[in-house]
Amino acid sequence: MTTTHPFEAEAERNGELNAVGTSAVRIDGIDKISGAAQFVDDLDFGPGLLHGAVVESPHAYARIVSIDTSKAEDAPGVVKVVTGQDFPYNFGMYMGDRYIFAQGHVRFVGEQVAGVIARTHRQAVQAAKLVEVEYEVLEALLDPKEAVADGAPLIHPDLGEYSHVPWFFPKAGTNIAHWRKIRKGDTERAFAEADYVLADTYRVPRYAHCAIEPHVTVGKLDHAGRLTVWTASQSPHTQRHLFAEALAPLGFSHKDVRVITPYVGGGFGGKAGVTMEVIGAAMATAVKGHPVKLRFTREQEFYNTYQRQGVVAELKVGVMNDGTITAVEHTLYWDAGAYVEYGANVVNAAGLSATGPYRVPNIRNDSLCVYTNLPPGGPYRGFGYSEFHFGLESHLDRVAAAIGMDPVDFRRKNAIVEGDELSYGAHMNPSGLLPAIDETASAIDWGVEEQSDDPNTVIGKGIALFWKAPAMPPNASSASFLKFNEDGSVNVSVSGMELGQGYLTVMAQIAAEVLGLPVEKVRVETPDTDRNPYEWQTVASHVTWSSGLAVERAAVEAREKIFDVIHQVYGYEDDTLYLADEQVKCTTDPDFAKPLRDFVIDGIQTEDGTWRGGPIVASGKFMPEFTNANSDPETGQGGHPNVHYTVGACGMVIEIDTHTGRIFVRKAALAVDAGKAINPDLVRGQITGGLVQGLATVLYEDMRFDEDGRLLNPNFTDYKIPTAFDIPDEMIPIIIEVPQPDGPFGARGVGEHTMIGAAPAIANAVFDALGVRITSMPITQEKVAQAVSASPT
Amino acid sequence: MQVTITVNGESWDLDVAPADVLLDVLREQIGVKSPKIGCERGDCGSCTVLLDRRTVRSCLVLAVEVEGHEVTTVEGIGADRLSDLQELFITLNSFQCGFCAPGIVLSATELLDENPNPDRHDVQEALSGNLCRCTGYEPIIDAVLAVGQRSGEVTP
Ligand code: FES
Ligand code: FES
């Protein structure tokens, strides 16, 4: 599809863009550096504030025999104790398999069984220990391959009853909550005819997001019956919707539920959808008139919010001797955890795209969402793509080596380009994958062998490509309001979240560009669902694109209204008018310049003394109208589930100390096709941040559980995340710009993509250095040391 | 227990419990919210404040221990005018979500007080107790080094 964009005309007239494409200073900068920025936990709620604590399951799978809350109710300061009996409702983002508090069964260690509300935090925590729960322990399933085996106990016997989106295919009577299949061409025949076929299995464990701000929520049901919930969230409107739906039996309608989301201290997917917030919202309904705060500890943050799912990936690739990939078979067994209301869509997204950014004629993908008795899996930066690219990009390096082809040449030969057919039959969008490969390869001096002076150090280089599409409902939408102020400044209201990526700044730049304003004259704030228009969620790397289009459209509407007033009063035709330097100007009358501040509120007085115009207000919305998630369940063919893909390449130069197995990253380069970088500095920020987060997953992070399903490392001492020491010596961010035809100024999202390539690029660099292939993440010092001692040289 | 603490130049007489930590007292009793709660066990550094110009993790310091001492937070550092470091943090995009920023600014301020022209390794060391999940640290290190270079330039 093609759309004509107003910016093109504007840019042509002005010869250049003034706000878009500049590294405008982030508009939340002063708030955040001065201490003024307020996060949820920083808000004051007065002396009526109560505190919540959660009673948690010690078992991975058990039946709740009884709950006795009497001792807790009598404890000092306790106002109320609630259990699943108070809220016998299920809900979920894409599938209704989740509960506010456990209903009859617990399915992972840490699951919320009851909630205590007390005057102080300490009192709530103390009283929670007094709730007595009797359990009948059941056999727990911790491994997805065991959970899909015949005769495995069922984690959700009611799977067949759950509501779900039409693009999920649950298998009732099994632990398979969703099975995404792709069948294209004839893989069997292609493998038979291929010159070379390689099959192997790759393993990726679970990971934690580790936003530095823990989840926190404050709920208040006021005496008028309105429920307001302040949350540290990526998804104010989706939360409002889920609170309203989950609590609908209590008589709430959407208009009675309000979600306010101030600044959020990092999300990475962990604060998307709804996790603990619904507990806080529900608790608040039990103590009318009192705000209730529920703040998760760092430990709870690890075990009772979303985790990145683990995956066992069985991969088979066939190629011809000239390097052409002819067939891919990718079977992904996802350890999706106890509830998959969000995580099943991660599985779906991966299944649709598990060939990676390559042209593949014959495909058989099976992506299985498997219930296990581990904490609920969910979205994490990369949304399934980070997970499967490790195996895929490792595997392709091996295939290239086996047929004697350079891994970069091999990738270049098979790289998907505009118009190529995707696994589900739709076609690839314009993409800068080839320049991304070339620029990355040259940034790490690909092909130039490097040797260390130190005999105990070996050097390796690795490269990996990546792609990712926003994973969302086909009609996920964004909206914006825009209003002018007396001095010609503008307020833009949107409901995307400033997670740190610079969203508010980018929206301001887009509005400023269309309206001929300096970026400083545009104010964009964090949302309040009572006042700000709809946004689905700030996930999927889609807000620059989708919310950006909504803002662009609002600004265009405002501009039209401005031109209309000028036309009414001065008679200039609209198509001769333009906005620049905070003024309306005219191409046919160089002397005409009407400052916006003169009329955007008060209007313009005409010769007879009457006025025209009035406050300039506008709105814009965007919903993709070319997508559809309907497809054949057995083949995945027929739909157009993804709006577009963002692509790129990642290259690593590493040194390995052969005595210790320690890996040092000397250089990390990453090229991503932003379409148009609305703010290049912010794009570079995503690249450095994503690279380091991705490197941590491959080098040391890893959630470890004991045989009873208990997380062994729920803190930063035992689950190490990178410090200032743990970064590459050099990071090289590369921005590619092949415009997205339907994007705002040609932009598409890049936020998640920057994390995907690091893991396989390291695996490939380790192979390059040592000749040893490590097929499971993380590639720890111990694994490398073992590999070194086992290797022939 | 009664304690007197100076916070950002203002003296406070406070009633605290023996187990109260400085972080909670700052946030709940004084209303100074820039020190953040990230882990409550000394791992993340988001609660960092200056105690008599030296950084401490306020989640590990008992409020009673601070009797008679002076606490500085980021609200106190940039009260009249942002420091050079704060300015550079903004222009070099040295934070994203900003949750870590108050603590990191204080750790970097302490470093620059002691060593006005640090090298990359010094900066990494000074910041190694402050976790940032967003930036990949590179732009933070750049900002601290840039302040150092500036101070080098104005030195007569
Ligand atoms: S909250 Fe004090 S170090 Fe994390
Ligand atoms: S900017 Fe988000 S944790 Fe540092």
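Me: What covers the buried residues of helix 1 of chain B?
Reply: This is a predicted model, so everything here is computed from its atoms. The cover includes strand 1 (2-7), strand 2 (10-15), strand 3 (48-51) and strand 5 (70-72) of chain B.

Me: Which residues of helix 1 of chain B are called buried?
Reply: Helix 1 spans residues 22-30. Its buried residues are B:L22, B:L23, B:V25, B:L26, B:R27 and B:I30. The label calls for under 20% relative accessible area. After the helix comes B:G31, with a positive phi near 80 degrees.

Me: What makes the pair B:R27 and A:D42 a salt bridge?
Reply: The cut-off is 4 Å between a side-chain nitrogen of Lys or Arg and a carboxyl oxygen of Asp or Glu. In this pair the closest N and O atoms are 2.8 Å apart. The pair therefore qualifies as a salt bridge. B:R27 is also one of the buried residues of helix 1 of chain B.

Me: How many salt bridges are there between chain B and chain A, and how many residue pairs are in polar contact?
Reply: The salt bridges number eight. The polar contacts come to 25 residue pairs, both partners at pLDDT 80 or more. On the chain B side, helix 2 (74-77), helix 3 (84-91), helix 4 (101-114), helix 5 (120-127) and helix 6 (138-154) each give two or more residues. Helix 5 of chain B has the largest share, five residues. By class, that side holds 20 nonpolar, 13 polar and 12 charged residues.

Me: How do you know how much area chain B and chain A bury between them?
Reply: Interface size is often expressed as the accessible area lost when the parts come together. For chain B and chain A that is about 4000 Å², with 57% of it on carbon and sulfur atoms. In chain B, the residues losing the most area to chain A are B:Q96, B:C97 and B:R133. Together they account for 20% of what that side buries. As for contacts, 45 residues of chain B meet 53 residues of chain A.

Me: What are the domains of chain B, and how far apart are their C-alpha centres?
Reply: The assignment gives domain 1 (2-77) and domain 2 (84-150). Their C-alpha centres lie 21 Å apart. In contact are 18 residues of domain 1 and 14 residues of domain 2. The two domains bury about 1300 Å², and carbon and sulfur atoms give 58% of that.

Me: Why is the pair B:E110 and B:R54 called a salt bridge?
Reply: The limit is 4 Å from nitrogen to carboxyl oxygen. Here the closest N and O atoms are 2.9 Å apart, so the pair passes. Between domain 1 and domain 2 of chain B the salt bridge count is three. The polar contacts there come to eight residue pairs, both partners at pLDDT 80 or more. On the domain 1 side, strand 3, strand 4 (54-57) and helix 2 of chain B each supply at least two residues. That side divides into six nonpolar, seven polar and five charged residues.

Me: What makes A:D528 and A:R258 a salt bridge?
Reply: Their side chains meet at 2.6 Å, N to O. The cut-off is 4 Å, so the label holds. Domain 1 and domain 2 of chain A have three salt bridges between them. Polar contacts there join 12 residue pairs, both partners at pLDDT 80 or more. The area buried between these domains is about 1800 Å², 50% of it from carbon and sulfur atoms. Their C-alpha centres are 40 Å apart.

Me: Why is A:T606 called buried?
Reply: Its relative accessibility is 16%. Buried means under 20%, so A:T606 counts as buried. A:T606 is in the loop between strand 27 (604-605) and strand 28 (611-612) of chain A. Leaving out residues up to four places away in sequence, A:T606 touches A:V569 and A:R612.

Me: How do you know that A:T606 and A:D608 make a polar contact?
Reply: Their side chains are joined at 2.7 Å.

Conventions: Residues numbered from 1 in each chain as written. Chains lettered and ligands numbered in written order. Predicted model: local features only at pLDDT ≥ 70, side-chain atom pairs only at ≥ 80, totals over all residues. Heavy atoms only, no water. Helix = DSSP H or I, 4+ residues; strand = E, 2+ residues; numbered from the N terminus. Buried < 20%, exposed > 50% of the residue type's maximum accessible area, 1.4 Å probe, protein only. Polar contact = N/O pair within 3.5 Å; in protein donor to acceptor, adjacent residues only side chain to side chain. Contact = heavy atoms within 4.5 Å. Buried area = accessible area lost by both parts, 1.4 Å probe. Nonpolar A, V, L, I, M, F, W, Y, C, P; charged D, E, K, R; others polar. Domains from an automatic or database assignment.
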